[in-house]
Amino acid sequence: MSGPRVCGCKGIRSCRLCMATNAQEAGPRLGGVSRDVLSCIHNASSEDELPVESFPEESQQLNTSVHPEAGPRLGWVSRDVSSCSHNASHKIDFEGIVIIEDFVSEAEEADLDRAIAGTHFVNSQSGRRKQDFGPKVNFKKQKVRTANFTGLPSYSQFLYQRMKAHPHLSDFEPVELCNLEYCQSRGAHIDPHLDDDWLWGERLVTLNLLSDSVLTFTLDSVPDIEVRVPLLRRSLIVVAAAARYSWKHSILPGDVVGRRIAMTFRELSKEFRSGGSRGQQGVELLKLALTFSGSAVSS
Ligand SMILES: O=C(O)CCC(=O)C(=O)O
Ligand SMILES: [Fe+2]
């Protein structure tokens, strides 16, 4: 691909708007995911998606739990693949997912959609559009600028308060909100990646709005395993521990059906917290963030 693009993609990234040939027409894979199914693909290339019921009892050993208040076993996660006949040599460590179903009501979802629509989106990579409420960061040069940051948006304040009431998030202090919009018509997706861990702390907290999707976790060292975590509409997902630091995550183009908005909140790393070498800057960022008087920072 050469010349200027009509979308936000750069380099090797692509979406439906900028691709000459559309290799993403494989169609949705979302159908295989339901509320009580652990979806584990043993061979990523063969679409060999097996519901948990089809594994023998002993292979359903999960080492990650969904918080009891989060409702039925849905959104976790993993099992000990060493006992699985498909691939006896793999032992995977996948932990760190918490899912809270129905974190917002349908009416609240509609209100959030309206509030978000009131702010301008900018084109981002791979067909996504985004709105950022956070400091401007140059991750390569490790520079953080607070100049244009005016805080998290007012419509997110009730979400923050609700998070604080949850045992897993009682000490969660977000300093950034990134709203990502994915539209099927744009082939929107996000390629496998690890989130930054210099500025951002352990917990990545995402509220999923408008449609169901799937977060796919992969390890570069074990290419034939995927862990597929359902992202149900109106649920909140927390990604931490090995799921955050060892596994890459992605949203496959086939897992975007219609339109989806992901509201991702991020907390500060240890370096930016009290006692860390950049603790003072962290205090300032947090103070700004929690004014809840922010408008989006254009990038
Ligand atoms: O859309 C999502 O749920 C994931 C977004 C993501 O991974 C990111 O913004 O880094
Ligand atoms: Fe991410």
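This is a predicted model: local features need pLDDT of at least 70, side-chain atom pairs count only at pLDDT 80 or more; totals for chains, interfaces and linings use all residues.
View 1. Strands β4 (residues 122–123) and β5 (residues 129–133) pair in the antiparallel sense over two bridges. Strands are DSSP runs of E with at least two residues, helices are runs of H or I with at least four, and both are numbered from the N terminus. Two strands pair if DSSP finds at least two bridges between them. Five residues separate β4 from β5 in this hairpin. In the turn, Ser126 has a positive phi of about 50°.

**View 2. The seven-stranded sheet.** The order in this open sheet is β3-β13-β10-β15-β8-β5-β4, with antiparallel pairing. β3 (97–100) and β4 are the edge strands, each pairing on one side only. β5 and β8 run antiparallel and are joined by five bridges. Here Asp132 has Cys178 of β8 as its bridge partner. Nine bridges link β8 with β15, again antiparallel. Leu177 is partnered there by Phe265 of β15.

**View 3. The shell around ligand 1.** Cys178, Leu180, Ile190, Asp195, Thr206, Leu215, His249, Ile251, Ala262 and Thr264 surround ligand 1. A residue is near the ligand if its C-beta atom, placed from the backbone, lies within 6 Å of it. At least two shell residues come from each of β8 (174–183), β14 (248–251) and β15 (259–268). Six of the shell residues are nonpolar, three polar and one charged. Nonpolar covers Ala, Val, Leu, Ile, Met, Phe, Trp, Tyr, Cys and Pro; charged covers Asp, Glu, Lys and Arg; the others, Gly among them, are polar.

**View 4. Helices across the sheet.** Helix α1 (residues 106–117) lies across β5, β8, β10 (200–209) and β15. Its angle to β10 is about 105°. Helix α4 (residues 279–289) lies across β8 and β15, at about 60° to β8. Axes are lines fitted to C-alpha atoms, for helices over the stretch in contact, and angles run from 0 to 180 degrees between N-to-C directions. Contact means C-beta atoms, placed from the backbone, within 7 Å.

Definitions and conventions: Residues are numbered from 1 along each chain as its sequence is written. Chains are lettered from A and ligands numbered from 1 in the order in which they are written. Two residues are in contact if their C-beta atoms, placed from the backbone, lie within 7 Å.
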